[in-house]
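Please find below a colleague's note on the model under review. The sequence and coordinates come first.

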Amino acid sequence: MIFAGSHISSAGGYCAMARQAEKLGANTFAFFTRNPRGGSVKALDEADAAAFCERVRELGLGKLVAHAPYTYNLAAAKPELREFAVNAMREDLDRLEYTPGHYYNFHPGSHVGQGSDAGVALIAEGLDRVLEPGRSTLVLLETMAGKGSEVGRTFEELRAIIDRVAHPELLGVCLDTCHVWDAGYDIVNDLDGVLAEFDRVIGLERLKAIHTNDSLNPLGAHKDRHAKLGEGHLGLETFRRVAAHPALAGLPLILETPNDDEGWAKEIAFLRSCG
Ligand code: FE
Ligand code: FE
Ligand code: ZN
């Protein structure tokens, strides 16, 4: 079974997201836990959340992938910024318990000149205050393009974070195809080799979700500019192989492509036809 969907706006509430997923032909999707650039959060509508959970079951949707805002930086140099990220992530995870059993992915952080090792240590320290056994949502580290001082450009950096936290069993990984390509992993010519490398360094059992984005830039560019499927350097054939790869079977494939509803519906149909 192939699970594919796009990023869906959470502005209209939970049930509106389910309606949009249905309209797009999606059987999974992603959504921001709050405004991606801001920090404030709306009061949670418990009835809407409960009706949504029911709808998700009725529609037979797979695991959903909530996305943390880009403004969180667990590796920030300023303690107050790290504090903000920790508190916001805890709050997001508390809210996600109203829609239990899905995923929450976040960008590990940017070390802003402190160095990758210091960044890894700060991220693990922050995660130790965020991760609590007993929550039903699995937290996913996203593979990053290596733009600026982003931590998570290499599989080794993600492994180092996982190795340092007190509860590694509460962490998984979300692989972004645009980001790993921009980071220098050649999934166009050697998808098997990159997945073998992921398995060797992190372990494929940690891989829980895929962001299926084409990239506007060449291998190793460290840019992070997403393109529509087939309109970037990865090409449609790469996404066909990703969607059909036995090692990735059943993982939610999430589109974060620059699209309108028609474009997403087309890409979702394409991915779902690759089985
Ligand atoms: Fe992301
Ligand atoms: Fe992504
Ligand atoms: Zn990106």
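The points below concern a predicted model and cover its metal site and its sheet.

1. Conventions. Residues are numbered from 1 along each chain as its sequence is written, chains are lettered from A and ligands numbered from 1 in the order in which they are written. Local features need pLDDT of at least 70, side-chain atom pairs count only at pLDDT 80 or more, totals for chains, interfaces and linings use all residues, and side-chain values use heavy atoms, with hydrogens and water left out.

2. Zinc site. His179 (NE2), Asp224 (OD) and His226 (NE2) coordinate the zinc ion (ligand 3) at 2.0 to 2.3 Å. Donors are N, O and S atoms within 2.8 Å of the metal (3.2 Å for Na, K and Ca); as water is not among the atoms, sites may look incomplete. The spacing of these donors along the chain is H-x44-D-x1-H. His179 belongs to helix H6 (residues 177–183) and Asp224 to the loop between strand S10 (214–215) and strand S11 (226–227), so the pair ties together parts that are 45 residues apart in sequence. Helices (H or I, at least four residues) and strands (E, at least two) are DSSP runs, numbered from the N terminus.

3. The iron ion (ligand 1) is 5.4 Å from the zinc ion (ligand 3).

4. Sheet. Eight strands form an open sheet in the order S1-S12-S9-S8-S6-S4-S3-S2, with parallel pairing; two strands pair if DSSP finds at least two bridges between them. Strand S1 (3–6) and strand S2 (30–32) are at the edges with a single partner strand each, so one side of each is left without a neighbour in the sheet.
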